[in-house]
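Me: I have a structure open and would like to learn how to read its features one by one. Could you walk me through it?

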Amino acid sequence: MKKATEKYWGDKVNPCKSSVNKDAKDKFYILSMFPYPSGALHMGHVRVYTISDTVARFYRLKGKNVIHPMGWDAFGLPAENAAIERQINPAIWTTENIETMRNQLKMLNYSFDWDREFATCDPDYYKWTQELFLKLFDKGLAYQKEAYVNWDPVDQTVLAEEQIDVNQRSWRSGALVEKKLLKQWFIRTTAFAKSLLEGLNDPTLKEWKDILKLQKHWIGDCNGINIDFKLVSEIPEFPRTLNIWIDTPEFVEYAKFVAISFQSILNRKEHTYEIDVGIKGLNAKIINPFSGEELPVFITDKVVYPPWRDVRLGIPSASMDDFKFSELVGISFTRHSIRSYEQQQQKLSEVFQKAREWGIGGYPVSSKLQDWLISRQRYWGTPIPIIHCTNCGTQPVPRNQLPVILPKMTNSSSNKRFSIQDMKDWLQTKCPKCEGNATREADTMDTFVDSSWYFLRFIDPKNTKEMFSVEKVKEMFPVDLYIGGKEHAVLHLYFARFMSHFLHSEGLLPCREPFKQLLVQGVVMGKTYQVISTGKYILEDEALKEGDQYKTKSGELVSMRWEKMSKSKLNGVDPLNLLNKYGIDTTRLLILADVAPTSTRNWSENTVTGINNWQNRLWTVVKRFKTERDKISLEELESKPTNPKYAEQDAYMFDSRNYFLKNVTFNIVESQQLSVAISRLQGLTNSLRKVDLECLRKSREFERALAVQIIMLAPFAPHFASELWTTFCSAKYHLIDNTEVDLNKTIFEQKWPDIDMDYNLVMNVYVNKRAFLKMKIPRRELNKMAADTALEYVVLHPYYQKYSYNKYVVDVNFKAEKSCDASLYITMEKQKED
């Protein structure tokens, strides 16, 4: 019956399409992080998209113009490695996976805006990723330099600092990372470090919680600047520049030496000479662009290095430690000429300005933050739109030649890897400046670049003339609710925020921060069974429980623990199996119930029985309502109730309707506790079942409460709620006002119910940050309140009058949302005695 119901309602529960032409005040942009097309949905996907779909359906009922898009983060190493393994083009593998996963998502009938769909590997998309790169390049924020980079020997590509764990292993392959000197492309994210740090204090950010701490920790205090100094040396395989962080940039022209730690990769023992105990000289010089001097380079651990750094710029006239070291190595002392705060600030300004003009840094930044390395030596990624000419140097690809399309690739004969370096015909091109022979850039971009701006393209996905329409983005940006895993709360969020800050500085976005509210969903955990002696993972049905222990059928001891679901650990659950067993809506309720979206979910199907029983109870209530209203006569319906409990039960229905409506709304909008919202819905069902038959047959308040029950269920179980609504509407007689519901329209054409004006909401009163008292006030009155009128209510309360003796009010802050409880914060101080 469930499957037949869901099949019937399949197309009918997703009628709404978003529009950028509606009033921007009514927009709600909800975005779940788009998936990598691995080939099959897993329970993590089902959890995040069920959450986003529930919230999207809720806001549509609230009358919002909802954008709820879906796309594919389709470039990257997994696709390339899988394609190599299968000896096919990664484009084919990716396209097939997208088709499979799209079909699986449609089986779950999520209300995505499929007309906004795109994949980052589509040339129509990565054309604009290349345009974004050129915008950065034009501003000097995308640059190429030779540097020691992190090389993954397994995946044969460079990794950014952010993609290496504390054990110096690759985040993707797990290989121990090596250092290589390569010429690479970087994005100068440090130019916006201070802006990104300050942006975390934006008052519009909601529910960022510990993500704020993660972002602040990643960026660090912007208490210095990075400068790229020219490095002069004849040492082979040695960089030509050295990035040094300085916390006293106003004194940079007085620098006299550079110190490098013994642990640094720059410590080439065969190119050093002894100076003193614990001090060696390096056969290299640093050019100080602010003084023109050549500075000696020392290998030593007798100076204090900035956190996260193994290089220090020595300025003896600004640091006692540097002065003492300069005496050890025989550097004569030169006093600086800065004598006042005004001079110091002027010097600071000069250094910042010159460094930026010279393209060598000059932005406030912490010692830990580095620029973003985006070059990747792999095929399946966005080509970097740069041409190298022996006469003209590095040249951007002209805009009218975008997109630079990836060449069609066959396997490299040398190592089975795909390599653009082998595509000589594609690499050879003409210089856009002198029209001489030139070579295309062979590196592709880090896939984090693709996902750093996709939320903007969703607003205007069919635009063929620009990345997005500034006017459309002005109407629909920022994202109101962004849902995704905590594993993306640092890197992806940081890069997306950087792009947003940059595009805002270009006048293309209406605000800096891209995401108003975050919902960081917890992972879905499965039971992992592992043979202790061999480490082999086994399926759950292969592990036999004997007392407190698990064993294999052959008697080997097995460990059991909860871990994130994973194919390799054989602890996953196929969502399609759940779909076949329980149907769409029960699967939705199962994954949303029990724990909050932000909590880890230890997967269990034990609650299915409870969910099914609840659905059956609710179905029984609705059928009984229809049966009784169909057989009652109009005369009897309008007759005076005879049950002495009727008035009490009618009032109980009024209170139940409003109480559960208030709490379900709060649990969706404010606390993000969808599991609690489901519990509240079950509570309302129980209330509906408590009243006598006469109340069910004749009470308008019962009917109103039942209507609210079904409408509130709709975002969580859209097909079941649609069937319930049709049955409810088909009853012969109705008492509910047509201003509340339209019985001739489907459930998703209704509006989310309102709290009754006569219902008492709660005003929580806090004095000096402590809970003081709760006051019940009719919604009609609470809606009109401001801080002063709310205080007038409190002042009349006897408990307040007793407490406030000999005290006076310093500050009052009133917080209230429509149809929700309110909070009044009072700050008081004792009166001083004369």
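Me: Which side chain meets that of E513 in a salt bridge?

Reply: Happy to start there. This is a predicted model, in which local features need pLDDT of at least 70 and side-chain atom pairs count only at pLDDT 80 or more, while totals for chains, interfaces and linings use all residues. Residues are numbered from 1 along each chain as its sequence is written, and side-chain values use heavy atoms, with hydrogens and water left out. The general idea is that side chains of opposite charge can pair when their charged atoms come close. The working rule for a salt bridge is a side-chain nitrogen of Lys or Arg within 4 Å of a carboxyl oxygen of Asp or Glu. Here the partner of E513 is R497, at 2.8 Å from N to O.

Me: Where do E513 and R497 lie?

Reply: R497 belongs to helix α14 (491-505), and E513 sits in the loop between α14 and β22 (515-521), so the pair ties together parts that are 16 residues apart in sequence.

Me: Are E513 and R497 buried or exposed?

Reply: Both of them are buried. The cut-offs are under 20% relative accessible area for buried, over 50% for exposed, and partly exposed in between, using a 1.4 Å probe and protein chains only.

Me: How many salt bridges does the rule give?

Reply: The count comes to 46. One of them joins R378 and E80, with 2.8 Å between N and O. R378 is in the loop between β15 (375-376) and β16 (386-389), whereas E80 is in helix α3 (residues 77-86), so this pair links parts that are 298 residues apart in sequence. R378 is buried at 5% relative accessibility, and E80 is buried at 0%.

Me: What is the distance between the closest N and O atoms of R399 and E131?

Reply: It is 2.9 Å, and the two form a salt bridge. R399 comes from the loop between β17 (393-396) and α10 (424-427) and E131 from helix α5 (residues 123-138), so the bridge connects parts that are 268 residues apart in sequence. R399 is partly exposed at 37% relative accessibility, while E131 is buried at 10%.

Me: Which residues do salt bridges with shared partners join into one network?

Reply: That network holds R657, R700, E701, R704, E740 and D756.

Me: Now for helix packing. At what angle do α17 and α23 pack?

Reply: Axes are lines fitted to C-alpha atoms, for helices over the stretch in contact, and angles run from 0 to 180 degrees between N-to-C directions. Helix α17 (residues 608-631) and helix α23 (residues 718-729) pack at about 15 degrees, with axes 9 Å apart. That makes α17 roughly parallel to α23, a label for angles under 35 degrees; over 145 is roughly antiparallel, 65 to 115 roughly perpendicular, and the rest oblique.

Me: Which residues make the contact between α17 and α23?

Reply: From α17 they are Q615, L618, W619, V622, F625 and K626, and from α23 they are F720, E723, L724, T727 and F728. By class, this contact has seven nonpolar, two polar and two charged residues. Ala, Val, Leu, Ile, Met, Phe, Trp, Tyr, Cys and Pro count as nonpolar, Asp, Glu, Lys and Arg as charged, and the others, Gly among them, as polar.

Conventions
Helix = DSSP H or I, 4+ residues; strand = E, 2+ residues; numbered from the N terminus. Contact = heavy atoms within 4.5 Å.
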